[in-house]
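Hi everyone, thanks for making time this morning. Let me put the structure up on the screen, and then we can walk through a few spots together.

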Amino acid sequence: QLIDFGEISALTRLQLEKNQLFIYLVAISLGLISGVMYPHLSSYVEVLVWPLLGLLLFSTFTQVSLTHLRETSFNPRFLIAAIVGNFLFIPVVVAGLLMLAPDDPAVRLGILLVLLVPCTDWFITFTQLAGGDTRQAITFAPISLLLQVILLPFYLYVFLGNEFTVSLAHSEMLWVFIGLIVVPLILAWATQKFAEQHPSGEQFINYLAWFPVTVLALVMFIIASSQVAIVLGSLALLPGLLLVFVLFLLIVALMARVLSRLLHLSSAQGRVLAFSFGTRNSFVMLPLALALPANYELAVVVIVFQSLVELIGMMVFLWWVPKQLFP
């Protein structure tokens, strides 16, 4: 019997994604230890963050189907629930949770950056693991990505007003947004177009599927190492942030349940909603946080911490969503 190396590779990659929480925790722990023991090395490794983030986002975007958006068939009720929930109701939830957040501009901006934009990649993995409608998750991902790229500046202006305008004017956020989000998005689309005509392009995209978890772990190691003083100095903020992020997960899960019932969605589609609402695009927002002015470093800590809380929350979701929420 012939060995299907492609299937083995896919299963191995799925195991890597299932264990990503442990991988990230190890990477951050090693980064903090390295930053304390060898503080002079942080200035050398920090320069690697930007090219690694570019590679991370490009490899992630190549896993989202961007070239067949027009041909995609959707369940209209599911699409309404996913768009309204992610881009109308969740901003209202975030506005309420900000009242519980620490009163620090950098912390509040970090919360906005990380909670306002839905995830476009690993929520598909969690949907698959929980027995959700993976096809709907895959087809919603590019729409979600395009909408959040368009709507995020509007959200930040609504929440922050002139403060956001000043921060944007005095930082490299705009160029980072173009260079690390728009450009990789265009390159990913071009790569997928090439892959449609050339088998080598498809192999290249499959190869890139290994990158998101491994490269993100390396980015987290470098950030923890270079930002160790800020991380250790902000430990007192973490309980307040933990409350905000845990409440967010509970509220959006129940929101998925209500919307699913109102729109008469199947349990499999409801599971997609739960994971789409619960997972956020933390590492896509990370470059924007890193480009903020010097007095906004805490935004980076907020985003990294949220991603860890979210991953632990997804471990709970994998039991709760298919067993209790959408049986």
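Let's begin with Y24: leaving aside neighbours within four places in sequence, Y24 is in contact with W122, P212, V213, L216, A217, M220, L308 and L311. Contact here means heavy atoms within 4.5 Å.

Before going on, a word on what you are looking at: this is a predicted model, where local features need pLDDT of at least 70, side-chain atom pairs count only at pLDDT 80 or more, and totals for chains, interfaces and linings use all residues. Residues are numbered from 1 along each chain as its sequence is written, and side-chain values use heavy atoms, with hydrogens and water left out.

Y24 also turns up in the largest nonpolar core, which has 108 residues. A nonpolar core is a set of buried Ala, Val, Leu, Ile, Met, Phe, Trp, Tyr and Cys residues joined through side-chain atoms within 4.5 Å. Buried, in turn, means under 20% relative accessible area, with exposed being over 50% and partly exposed in between, using a 1.4 Å probe and protein chains only. The residues with the most contacts inside this core are Y24, I111, L113, F123, F245, F248 and L273. Which helix gives the core its largest share? That is helix 17, residues 298–325, with 16 residues. Helices are DSSP runs of H or I, at least four residues, numbered from the N terminus.

Now to helix 2, residues 20–37, where we find G31. G31 is buried, at a relative accessible area of 0%, and apart from neighbours within four places in sequence it is in contact with F221, A224 and S225.

Next comes L52, in helix 4. Is L52 buried or exposed? L52 is buried, with a relative accessible area of 15%. Setting aside neighbours within four places in sequence, L52 is in contact with V215, L218, V219 and I222. Take V219: L52 and V219 are 167 residues apart in sequence, yet 6.8 Å apart in space, C-alpha to C-alpha.

Finally, a helix pair. The axes of helix 4 (residues 49–62) and helix 11 (residues 199–208) come within 9 Å and cross at roughly 120°. Axes are lines fitted to C-alpha atoms, for helices over the stretch in contact, and angles run from 0 to 180 degrees between N-to-C directions. The contact is made by F58, S59 and T62 of helix 4 and F204, I205 and L208 of helix 11.

Conventions. Helix = DSSP H or I, 4+ residues; strand = E, 2+ residues; numbered from the N terminus.
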